[in-house]
Amino acid sequence: MDMKRIVEKKQRLNRRKMRVRRKITGTAERPRLTVYKSNKNIYAQVIDDVKGHTITSVSTQGGEYSALKVNVEDAAKLGEALGNSLKELKVTEVVFDRNGRLYHGVIKAFADGARKSGIKF
């Protein structure tokens, strides 16, 4: 890919991200679950936008989930792990923020894993 195509791709991603973020916010009753995927890792945070702090987070970079990779099966496991930690905090509903990514593949598997553990969105 030449530089122009790379820049255009990043601009499209940023436009999708801003379009989604204009419409959703997280509250204490229903926080925002945001997912970021790179080529090497998956990061997820549950954020209360009103107070401006992170409730819980999970990632494949370091820690107990560092053995997981960026694929559909491991994303589902990571989603279940986040869902279980949310259930411990007595959070049952969240707003899903796909962070500009398209809802398929790893992002969809992560969301399905969180739903499987009982989180509603």
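**Exercises on rings and pockets**

Phe96 is buried, its relative accessible area being 16%, where buried means under 20%, exposed over 50% and partly exposed in between, with a 1.4 Å probe and protein chains only. The model is predicted, so that local features need pLDDT of at least 70 and side-chain atom pairs pLDDT 80 or more, while totals for chains, interfaces and linings use all residues. Residues are numbered from 1 along each chain as its sequence is written, and side-chain values use heavy atoms, with hydrogens and water left out.

**Exercise 1.** Classify the ring pair of Phe96 and Tyr103.

*Solution.* Rings of Phe, Tyr and Trp (its six-membered ring) pair if their centres lie within 6.5 Å, and planes under 30 degrees apart count as stacked, over 60 as edge-to-face and the rest as tilted. By this rule there are three aromatic pairs. In one of them, Phe96 and Tyr103 lie 6.2 Å apart centre to centre with 85° between the planes, which makes the pair edge-to-face. Tyr103 is partly exposed, at 36% relative accessibility. Ring pairs also bring in Phe121, giving a cluster of Phe96, Tyr103 and Phe121.

**Exercise 2.** Sort the residues that line the second largest pocket by class.

*Solution.* A pocket is an open set of points on a 1 Å grid over the protein atoms alone, where a 1.4 Å probe fits, with protein on both sides within 12 Å along at least five of seven lines, and lining residues have an atom within 4 Å of a point. Here the lining consists of Leu13, Tyr36, Lys37, Ser38, Asn39 and Arg101. Ala, Val, Leu, Ile, Met, Phe, Trp, Tyr, Cys and Pro count as nonpolar, Asp, Glu, Lys and Arg as charged, and the others, Gly among them, as polar. The lining therefore divides into two nonpolar, two polar and two charged residues.
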